[in-house]
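Here is a short tour of charged pairs and a pocket. Please keep the model open as you read.

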Amino acid sequence: MTNLQDVYVQSDALGVAELVQRGEVSPLEVVETAITLIEQLNPRLNAVVHRLL
């Protein structure tokens, strides 16, 4: 996992929003991190059944 992935997993939504507000990460980085984690975990969880393109 990258550092942002670690922070994303350990933080709640308000914590991630605070990082964006302070300019430490961009909203795009947060979304890309979320998608990456979904792609990594979904084969085991089978939680996402429709992938939006």
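## Arg22 and its partners

In this predicted model, Arg22 is partly exposed, its relative accessible area being 48%. Arg22 pairs with Glu18 in a salt bridge whose closest N and O atoms are 2.5 Å apart. Glu18 is partly exposed too, with a relative accessible area of 40%.

Arg22 also forms a salt bridge with Glu24, and here the closest N and O atoms are 2.6 Å apart. Together, Glu18, Arg22 and Glu24 are linked in a network of salt bridges. As a reminder, side chains of opposite charge can pair when their charged atoms come close.

## A link back to helix H3

The structure holds three salt bridges, and one of them joins Arg51 to Glu39, with the closest N and O atoms 2.9 Å apart. Glu39 sits in helix H3 (27-45) and Arg51 in the segment after helix H3, so this pair ties together parts that are 12 residues apart in sequence.

How accessible are the two residues? Arg51 is exposed, at 64% relative accessible area, while Glu39 counts as partly exposed at 44%.

## The largest pocket

Now to the largest pocket, which has a volume of about 190 Å³. Glu39 and Arg51 are among the residues that line the largest pocket. The rest of the lining consists of Ile35, Ile38, Asn42, Val48, His50 and Leu52.

Sorted by class, the lining of the largest pocket has four nonpolar, two polar and two charged residues.

Note on methods:
Residues are numbered from 1 along each chain as its sequence is written. This is a predicted model: local features need pLDDT of at least 70, side-chain atom pairs count only at pLDDT 80 or more; totals for chains, interfaces and linings use all residues. Side-chain values use heavy atoms; hydrogens and water are left out. On a 1 Å grid over the protein atoms alone, a cavity is a set of points where a 1.4 Å probe fits but cannot get out, and a pocket is an open set with protein on both sides within 12 Å along at least five of seven lines; lining residues have an atom within 4 Å of a point. Grid points are joined across faces, edges and corners, and a volume is the space filled by probe spheres set on the points. Ala, Val, Leu, Ile, Met, Phe, Trp, Tyr, Cys and Pro count as nonpolar, Asp, Glu, Lys and Arg as charged, and the others, Gly among them, as polar. A salt bridge is a side-chain nitrogen of Lys or Arg within 4 Å of a carboxyl oxygen of Asp or Glu. Buried means under 20% relative accessible area, exposed over 50%, partly exposed in between (1.4 Å probe, protein chains only). Helices (H or I, at least four residues) and strands (E, at least two) are DSSP runs, numbered from the N terminus.
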